[in-house]
Amino acid sequence: MRANGDLALGVDVGGSYVKMCLVRGEEVLARRAFPRPDLSPKDTAAYIAAQAEEISPGIIGEARLGVAVAGAISRSGGGLRAHCPNIRGWWGVDLEELFEPLGFGSGLQALNDANAHAYAEWRVGSAVGAKNFVMIALGTGVGGAIFLEGKLYEGSHGMAGEIGHMKVSPRGPRCNCGKRGCLESFFSSYSIPRELERAGVKVESMKDAFERAKTDRRVLSFIDRASAKMAQIIINVVHLFDPELVVLGGGVAKSRELLLPLLRRHIGRMVFEPFRESFEIRFSSLDEYAGALGAALFALDRGTGGAP
Ligand SMILES: [Zn+2]
């Protein structure tokens, strides 16, 4: 491959937006976000390549490429295949077949967007130096990632860490995955406004709900109940993996003053005593480019053989 040693392009393909981040080592050289074009995967890849050329002419072929997707990556049966339930046409898509003919060359790396976000936290964010940590990332849904012994734990098929679809209550509200009672159906940017509206309170967004909770006791009590569900999952994950750190990222990071005391109270009530002081909760210190940044750093580390 022609890729230059410390240059990498991270591309985060989400349901609504594509975000890109060009790095040299840990230094961010350029970033760009654009609405995801409603095109076939092949044409989307060509569109992404054209955007990359605009950011930095000649970058294709020079930089290592890391791709993060809002879905699962499978490595079984050869190739790196992306399965994205919320992106039309992106099901079983071979990413190497998409990007390599465009001149990106071999050595493409790919990972789930929450894993990419967690990777960025571990390299340059809130989880630097952590040996074992769990990330819960609130985007449209709820993503998760698990780092064990200083390594991203991807599972047998690259699907580990779907914390958003852990069950809180089997008869709970409907989740975007089609099943009921997942964490995401109680605590996410789509379920909080939806369930509040069902309870007779109209809010614009999850952010709006957090804002209203400061002055409206009814909204605060609703957020408190949703936080109890989040705390239930956090504590289950902590009991399972014994991490030193849980990082909360995405749309909730700006509402830490409201959420942290609620979460702490519920966790305090549920925690198995030996774990009480065993872990810390931190909020993400990165912005909405965390997935693209993580994909770039992952491609760089894997490409140079330094990746955990
Ligand atoms: Zn679900």
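Glu154 and Arg302 form a salt bridge, with their closest N and O atoms 3.6 Å apart; the term asks for a side-chain nitrogen of Lys or Arg within 4 Å of a carboxyl oxygen of Asp or Glu. This is a predicted model, where local features need pLDDT of at least 70, side-chain atom pairs count only at pLDDT 80 or more, and totals for chains, interfaces and linings use all residues. Numbering runs from 1 along each chain as its sequence is written, and side-chain values use heavy atoms, leaving out hydrogens and water.

So much for the ground rules; now the domains. The protein splits into domain 1 (7-115 + 289-303) and domain 2 (130-283), with bounds from an automatic or database domain assignment. Between them the count is 1 salt bridge. Here's the rest of that boundary:

| Item, domain 1 to domain 2 | Value |
|---|---|
| Separation of centres, over C-alpha atoms | 27 Å |
| Area buried | about 810 Å² |
| Share of that area from carbon and sulfur atoms | 45% |

Buried area is the accessible area (1.4 Å probe) that two parts lose on being put together, summed over both. On the domain 1 side, Arg75, Ala114 and Asn115 supply 53% of the area buried against domain 2, more than any other three residues.

Over to the sheet: it's open, with 5 strands in the order β3-β2-β1-β4-β8 and mixed pairing. Strands are DSSP runs (E, at least two residues), numbered from the N terminus, and two of them pair if DSSP finds at least two bridges between them. The edges are β3 (27-35) and β8 (109-112), each pairing on one side only. Strand β2 (residues 17-24) runs antiparallel to β3 over 8 bridges, and Cys21 has Arg31 in β3 as its bridge partner.

Note on methods:
Helices (H or I, at least four residues) and strands (E, at least two) are DSSP runs, numbered from the N terminus.
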